[in-house]
Every structure is written in structure tokens, then in C-alpha cells.
Amino acid sequence: MTLQGSERDDFDLQMMALALRAARLGLGTTAPNPSVGAVIANEATGEVISTGTTAPGGRPHAEPLAIEAAGEAARGKTIYVTLEPCSHVGRTRPCVEAVLKAGLSRVVIAQEDPDPRVSGRGVRMLREAGVIVRKSVLHDEARWLTRGHIVRVTERRPFIQLKLALSNEDTVPLAVDGKPNFATSETSRAHGHMLRARADAILIGAGTLRDDDPDLRCRLPGLEGRSPVRVVLAGSSLPDPARKLVRTATETPVWIMTTASTIIQDQARADALTKAGCRLMVIGGVGGEPWLPSLCEALVAEGITRLLVEGGPTLWRSFAKSGLVDEVVVFRAGRAAMLQETAGTVDDINQEIPEALRSLLPGLTLQMWDRRVSGPDEMITLRHDKPA
Ligand code: AOF
Ligand code: ZN
């Protein structure tokens, strides 16, 4: 028995949803490669045979891992992949070759790979070899999940996610006596740490470094190894070497991005920071301030595909004004009770974007994507998506 028509479409959707879950597991671990998910399944029986996620560091790719796990059982079956299988010879043989060798008879993909080395060639090679290929299953979701890779290739910038924590009056909590003033709950902070785990790099401005003296590592139990590179954007002056971040630079990397003139002004401090294990990186500036497109270029050149911008307001505003924002995650302290119960859907009332975001993120047209309870707080995800 083989599934036909709408039954097969449903099965394809279910399997692609599973592949997307597999891909999500690798976010923040595969840069500069995208995290891809693959599932091998038997359409006739509905059995899931194996799954694969791009390995840490980006190789092996997802498909050969799923194929290896399936062994001979892959023959004649279907593979679901969140990105078109690659056709180029990289550090290993192309995934298309592995798919053909395994005898898979059908390939379902969510999206084509914009990498110029692939870009539709993977699909063509499979079809020429007689494999049935179905495209664009759960395309939009996959596109968002893989956005870091897409914008790296097409725009020379990483996926940019802003994280904001606001007090119950929707103001930015100020640091008190050099300690961050946490407005949001433990639950929201755990969510925040999850965002860190899924990022390749985390960025703060010099002001936040001075006022909060943050650590910026992922401290979720079991995910301590998932701390991203910590990047400080230092405008007019270099950070104080006594900061916590600098003192832990040999454990988790710290990159200080600044302009050439800022380094020249304080060469002694630049030397002290380098000696402490920080990496000083020169980026272009405009009117004495670092230029964000130059920061993006420097990050992409280092293989960063997903950037989490944690603070503070000056930095959020600069990113918003430059239109360099993909997603905004806002934690609003103590607001859970005000959230309308909508059984998982975002209704008209909940579509309203908090007024405070207008001044914090000027010029951005954001779309409400998700709104939920986070302990006593509210967690909102907004997206800034240009038409593809
Ligand atoms: C796949 N499956 O799991 C991933 C893919 O440097 P390489 O040789 O590893 O190739 C990297 C490119 O491969 C990357 O730019 C992207 O186009 C693709 N990633 N492809 O078939 C995977 N991660
Ligand atoms: Zn591949």
C-alpha cells in the first residue's frame, strides 16, 4: 500500500514537521553551516526509520547521518529534508550522492539552498537520476529556521534577534550599583538563556557592559557548553579589563569590535584586553561611531549566522534604525495576568504591539508572531520580515 493524494500530503507535513524539530536542535552549534534536519520514513507503513541533524561544527550534514542510521532500511523510502541536499564537494562528498547511493526513491524538501554552490542543482541532479522530488513543504517555517544561513549568503549579515526585558511599566530596568536589576522572573531568564544556546554570537554595547557587568553565558543545566561567542560593540572607548566578561575571556571567547581610532586612543588598554584573552577586531565607523553593516560583515566573515542582541537601548535603537532586525523577543515583567486567554491563537486584542516598543525600536514595522505566558511574565515574539 502506498499513500495517495491528501493522505500523502498529510504524511509529508508530519514528517517535515519532525525534520524541522530535528533541525531546531542544532541551532547555535553548526555555524557557519545551517542546522538542517532530515527524516527517513516509510510512507507505506507510516514508520519513521531515522532522523539526523547537522553535526556540531557543521559536518557531517543531516542527510548522511540519517542515512547511516537507517542502513539498508533506507532503500526505496522517502527522505524529508529542511534544506535542499547539497550538490557540491565540500569537506565531504555531496549529500545528493549519499541519497542516490542509499537508494532512496523520493526526496521531500522544504526549501532550496541559496548557497550559489547548490541553488537548485541538488534538486536537478536528483531528478535526473530518477528520484521523485517534492519541494516547498512547510517552506515558510523552514525559511525562518534557516534564516541565518539565507541572509548570510544573500545579504552578508547574520540573522539578528533582539532580546528585551521590560519592567511591568514597560520601561527598561536600570542597573543598580553595578548589578543588573532583574525585572523578569526566573522562568523568563531561563527562556533568555535558551535564546543564547541557539545563537552563534551574543552582542552587547559598551554601556550595558559597564552598567550590568554581565556574564552572558548560557547557564541552563546541561546546556552550559552551548554558550555563544560574546561580542562587545565598543564605540568611543574600550571596556574596562576588570569586567567579568574580560576575566572569563579564556574560557568563553570575547570579541571586542571597535574602530581603529578607538584603539589608537587607548593602546595600553587595548594591549591589556588582548593579554586577558579578548580578541580586538577593527570595524568601520561613521562619524566616530561603529557602523553596523561593517559589524555584520565582520561577524559573517567569522562564520556567525545567528546573532542575539541583548542590550541595551542604544544598541536596540541603532539596529532598528538600520533595519537590521529579524526577530524581537520581549519579556514584560508581571504581565501574565493581563494576557488574554486565547487558546493558543493570537486574536485582535493580542495583536496589539506594546507602545513602548515604538520608541525603543523606531522605524520598524513588526508583526506579532507569538504571545505567551512565561511564569508571571509575558513573552512576545515579533518578526520583521521583508518580502522574500
Ligand atoms: C546539506 N545538509 O545538513 C547542511 C547543508 O562547507 P560544507 O561542505 O559543509 O558545505 C556547507 C554548505 O552546505 C552550506 O553553505 C549549505 O549550503 C549546505 N548545508 N547542506 O545538504 C546539511 N548543513
Ligand atoms: Zn550536504
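**Interface between domain 1 and domain 2**

Domain 1 and domain 2 bury about 1100 Å² between them, 54% of it from carbon and sulfur atoms; buried area is the accessible area (1.4 Å probe) that two parts lose on being put together, summed over both. On the side of domain 1, L27, W144 and G148 lose the most area to domain 2, and together these residues account for 48% of what that side buries. The model is predicted: local features need pLDDT of at least 70, side-chain atom pairs count only at pLDDT 80 or more, and totals for chains, interfaces and linings use all residues. Residues are numbered from 1 along each chain as its sequence is written, and side-chain values use heavy atoms, with hydrogens and water left out.

Domain 1 covers residues 5-150 and domain 2 covers 157-384, with bounds from an automatic or database domain assignment. The centres of the two domains, taken over C-alpha atoms, are 32 Å apart. Domain 1 gives 12 residues to the contact and domain 2 gives 14, contact meaning heavy atoms within 4.5 Å.

One salt bridge (a side-chain nitrogen of Lys or Arg within 4 Å of a carboxyl oxygen of Asp or Glu) is found across the interface. R147 forms a salt bridge with D326, in which the closest N and O atoms lie 2.8 Å apart. Helix 1 (5-25), helix 5 (139-145) and helix 6 (147-155) each give two or more residues to the side of domain 1 that touches domain 2; helices are DSSP runs (H or I, at least four residues) numbered from the N terminus. Helix 6 provides the largest share of that side, 3 residues.

Key:
Chains are lettered from A and ligands numbered from 1 in the order in which they are written.
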